[in-house]
Every structure is written in structure tokens, then in C-alpha cells.
Amino acid sequence: MNTRLPFLREKTSKLTSSPGVYIMKNKEGAIIYIGKAKNLKNRVTSYFRENPDHTPKVSAMVSNVHDYDFIVTDSEYEALLLECSLIKQHKPKYNILLKDDKGYHYIRISDEEFPRITAEKNTKEPGTYLGPYTSGFIAKEAVNEANKVFMLPVCHKKFPRDFGKGRACLNFHIKQCMGLCRGKVSSSEYKKTIAQAVEYIRNGSADSVERMEKEMAEASENLDFERAIMLRDRINAVKKASEKQKIIGSAVRCADVIAMAEHYGGIFISVLMYRDSRLFDKAVFEVEKPDGDEDILSLFMTRFYHGKSDIPKVILTEYTPAEAELIGEFLSVQSGRKVTISAPKRGRLAELVRLAKNNSAEYCALKNNRTGKEMVALEELGQILGLKKPPKYIEAYDISNLSSESMVAGMVVFEDGRPLKKAYKRFSIKEQAFQNDYGSMQEVLRRRLARIENDDEDEYFRRTPDLILLDGGKGHVSSVEPVVREMGLDIPVFGMVKDNKHRTRAIASQGREIQINNLKSAFMLVTRIQDEVHRYSVSFMHAKHKKKTYKSELTNVRGIGEKKATKLKLHFKTKEKLKSASVEELAKIAGVNMDISAELYKIIQDM
């Protein structure tokens, strides 16, 4: 508890409502947090109010605030610029940190008579370097592609020392190397090829193809057919390599694509950088979750682009940032040209956003020991249902019965997108005399949720689910939601709707149905949950019905009631052991005479 809160509240009550920047300081006077606001009084008040609903990070920050300063600006845009500048200058402890997944990487052109192009992690060795690249994968792919397209040597031989020594390697024979080791390529010709390869890495495939097509035409006119054929093959290699890239198209040659995936400790954000219609670089950052009312994408973009010179004209995002107009103005002024922020929903640009999101999801998956598809499915499900975060712990319920007999329910649990079978539970319906799915579902949820309040010994019953799914439609949801609310729990409840062929079709809330067919990952997850809970409840119903029928057959014998039938079942446990029992054993266990036991023996053998 911060003992300075009364002072801070008193100070904030007199604060201006103008836009500006606030600067939080600890008792040593060090800056621990910097933020901007369109209304300083409202924003700063939110930190020091009574009974706050802060994230752990914000709570920790507030507990260390001794005092704060503020700077009033004329506009929110000026506040944004000032905030970025002050954060870069002071690097406050509690401001969002962009943790790159790796260090920087470079492409090296060695300093020798016959240079090599390689991917490097530092610039220690002599040579010319391209970069830095934030992604080692992109640097290696660029090097591999250039070496392959221009048929450069990748062996360990030293040139010109090893000219003519030994036979040419396999790469030469499969036309992936020019065969420099044979000594038939001059230094000037080789360096010209290296220059073309470097240009290809720097400027992309479109410019390289255009230049090489002109050279090929000139070579043909000069009757230099050998060179023309070499250029033709090189052009085809470039085009083939380009097909593997996610090409944006002629309409947009230069763009950044930003998308994120959430895990339970934070968020991963991927930035795919396309330049000259090819994937040029990739960066992945792990960021902390911001305070509740702050937009993570707006925060990230202002931090990521502040001070950068290489800002593309187009930035594609998975949704429109809360401060898109403000950020667009900020980036346009910084880059000296119009910068457009858009969130495509379909077509080739939307595919690029999905690719960026999948990259983020894979990093989340590594963090949580899950697959990228599982992380995407949970995030898609959380978003379409309007949840604050992806549902980590999901409980699903289904009622199963045979007319009004053997009425049961099954509860299955999915944690992080996978079945948690040790948490599965079975319920026998006790309060419903006749078939009543809604009443049965209410009974089961009331019994299950009461175990949360009672601090149950069962560790899984003690847990509060992030999401409850019911095998049924709007009627099931309407019957169960009041039960959840009357128990004082804030757990979202939705139904899983099937079509007439018993296949998952949609998700139901009280007022409407939500279509999920267009979200492949979420759809597959919900289908899997629905199939699993149905299988589990039906198998329990069949087992119970079989057990009940077996018991009722015994009671058909004169002199054998419920108690004696139960005694026989408990003693012999299985039908096989019961069948192997003699008339004398049956008489002894059931406590009946030999005539009744003989009749009982006959019934058992016919079962």
C-alpha cells in the first residue's frame, strides 16, 4: 500500500484537463513511468483511485510512485511526440519494453580476390556488410537465395589457391554453382556477378529481373548466346525464388505487416518487412500487457517507429489501432511522406497479416509448450466471443439420457487448447424425474460451481473456468446463465450449436448465434470440444444404463430385491465372476434358499 496516495489524490484533484505528458517518480526522484493523455486529470486520477482494477505491472508501479510531474501540450499529437522522446531519453522501468527475440544479424561480402557472401552474427571479420537484420532466418535465406540464383560457390575451397585442384563438386554438375574451382572464371567477371548478387539482395527480384532482361537482349543482339542463356537461366531462378515469397503485388511494393498473439504472461508482436515486393526482414518482440484501457498496438507502433528513417508508405495491421489517425500523422511527419495504416479483412493483404499473426503465435507456442495452431485457435475464440483474454481453461457440458432413464451429464476440460482428461467429471442427474435437458443442465452447473465456493479438496473443482461451453443452443445458455450469476461468478457462458447432421455449426449466446466457420482454427477447436464432451457423456450414459439393466434382471427373480441384487454385484464385481459362481455360492451371498438360488443361477447364465 502506497502511503503517499492521499497526497497524490489531492494533487491530482487540481490537475488540468488539457492534453499532456505525466512523469511518475519514485522517492529517490528517479523517473519510473512516462505516459501521455488527452485529458491529464482523468488519466492520472485513474492510477490513484480507491479500489482500482489495475494489472499487476501497474499496481507495482503505483505502489512506487512518490510524486509526479506533468507537461501540458497544445494537442494530443504533441503529447505523443513528447512521450516518445522522453521515453527514449529516460528509459523508465515500467514503460513497455520491446524485447527483440534475437540480436542483430548481417550479410557479409568478404574482402578477398574472389569474395564470398555469407550470413554473420557480427561484423568482426573484414569485408563489406549489409544490415543489420533483426531476423537471422531472413539473413540466411537472403544469402542462400543469392548464392543459388547467381551460382556462387559455397564450398570451403580457397581461390585462386585451389584452382584446378580436384574435380568440380556436385553443385557444379546440378547447375547450382558456376564451377569457379575450374579456374575458367576471371576475377573481374566474378566480381561483376557478386555485384549483381548484392544488388539483388538490396533491391529485390523485380529490379534484378528488369536489369537482367535488358542484358540478355543485348547479349542476343551481340550474338553472345552463351551469356544470354546464362542470363535466361538466372532470370528463371530469380522468378522461381520469388514464387516462394509472399509477394504483395505491384500495387504495394513496400509495407510493414504487424500482428500479435497473446499468451498468459504477455504478448508477442511480429513485424514482417516487405521491400521491393519481397520479404526483406522480420522482427519479433515480446511485450508486457498494458493497463486495461491502453491499446497495445498503438503503444507498440509509437515505440517501434520513433526515430526510424525506414518507414514504409503502407502499414498493415490485424485491426485498426485506437490512435490510428494520430499515429499516421506522427509517422507521416517523421518520414516526410504520407503513411497509411490499414487493416485488410480479405484478399492477398489479409493473407500477409495472417502470416504475421502465425509468426507471433509460434513464439507464443514456444513460450507455453504449445503449437502455433492451438494458440491461434484460443485467441480467435477469445476475440469472437468478446473475451478480455484467450480462454486458458475451458469447461464443456453435455446432457445424455435414454428417455427418462439413465440421465447423466459429462464435463470435459480443455487447458491451453488440449484435453485435460484428469479433470473430466461425470454427473448423475438426481433432481429431474423426467427428461428435462434445461433443468438437468441447471442442476449440473449449480452442483459443479458450488464446489468453487466451498474450496473443494479436488484441485480441478476449485478452479474457476475462463469459459463454459454447453452442448446446445440459446435455450441452454438462457437457462444456465442465471445460475452462474446467482452464484456471484463472472464466467462467460456460450452454447455449441450443431446442424441437422450433428456437426458443429455456430456458437450461441442468449441473443444470437455467432458464426465461426470463417475462423478455421477456432472452428476446429470448438468442434473438437463438442465432439469430445458428447462422446464422454454418451459413454457414461451407456455404461450406467447397462449397469442398471443388469441390476434390474436380478430383481426379476422372486425373493431378490434391490438390496440383495446390490450385495451380489458388490461381491462378484463383474458379470463374468457372477456367471462362474455356483448355486451354493449365490445362496450364501444373497442369503436365500437353494430353490431361489437355482432360479437366480439360471437367470444369470442367460444374461
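These questions and answers take up a predicted model and ask why its features carry the names they do.

Q: What makes Lys11 and Asp67 a salt bridge?
A: Their side chains meet at 2.8 Å, N to O. The cut-off is within 4 Å, between a side-chain nitrogen of Lys or Arg and a carboxyl oxygen of Asp or Glu, so the pair qualifies. Lys11 lies in helix α1 (residues 5-12) and Asp67 in strand β3 (residues 67-72), so the bridge ties together parts 56 residues apart in sequence.

Q: Why is Lys11 called partly exposed?
A: Its relative accessible area is 24%. Buried means under 20% and exposed means over 50%, so Lys11 falls in between. Asp67 is also partly exposed, at 24% relative accessibility.

Q: What makes Lys36, Glu76 and Glu323 one network?
A: Salt bridges that share partners join these residues. The search of the whole structure finds 20 salt bridges.

Q: Why are β2 and β3 called edge strands?
A: The open sheet has three strands in the order β2-β1-β3, with antiparallel pairing. β2 (31-37) and β3 each have a single partner strand, so one side of each is left without a neighbour in the sheet. Neighbouring strands are turned by 20 degrees against each other on average, direction ignored.

Q: How do you know that β1 and β3 pair?
A: Six bridges join β1 (residues 20-25) to β3. Pairing needs at least two bridges, so these strands pair. They run antiparallel. Val21 has Ile71 in β3 as its bridge partner.

Q: Which strands does helix α2 lie across?
A: Helix α2 (residues 40-48) lies across β1, β2 and β3. It runs at about 25 degrees to β1.

Q: What describes the packing of α4 and α11?
A: Two packed helices are described by the angle between their axes and the distance between the axes. For α4 (residues 76-90) and α11 (residues 324-335), the angle is about 60 degrees and the axes are 10 Å apart. The crossing is right-handed.

Q: Which residues of α4 and α11 meet?
A: Glu76, Tyr77, Leu80, Leu81 and Cys84 in α4 meet Leu326, Glu329, Phe330 and Val333 in α11. Contact here requires heavy atoms within 4.5 Å. Glu76 also belongs to the salt-bridge network with Lys36 and Glu323.

Q: How many helices and strands does the protein chain have, and what share of its residues is buried?
A: There are 21 helices and 20 strands. Of the 607 residues, 49% count as buried. The chain exposes about 30,900 Å², and carbon and sulfur atoms supply 50% of that.

Methods: Residues are numbered from 1 along each chain as its sequence is written. This is a predicted model: local features need pLDDT of at least 70, side-chain atom pairs count only at pLDDT 80 or more; totals for chains, interfaces and linings use all residues. Side-chain values use heavy atoms; hydrogens and water are left out. Helices (H or I, at least four residues) and strands (E, at least two) are DSSP runs, numbered from the N terminus. Buried means under 20% relative accessible area, exposed over 50%, partly exposed in between (1.4 Å probe, protein chains only). Axes are lines fitted to C-alpha atoms, for helices over the stretch in contact, and angles run from 0 to 180 degrees between N-to-C directions. Accessible areas come from the Shrake-Rupley method with a 1.4 Å probe; for residues, only the protein chains shown count as cover. A crossing is left-handed if the near helix is turned anticlockwise from the far one by less than a right angle, and right-handed if clockwise.
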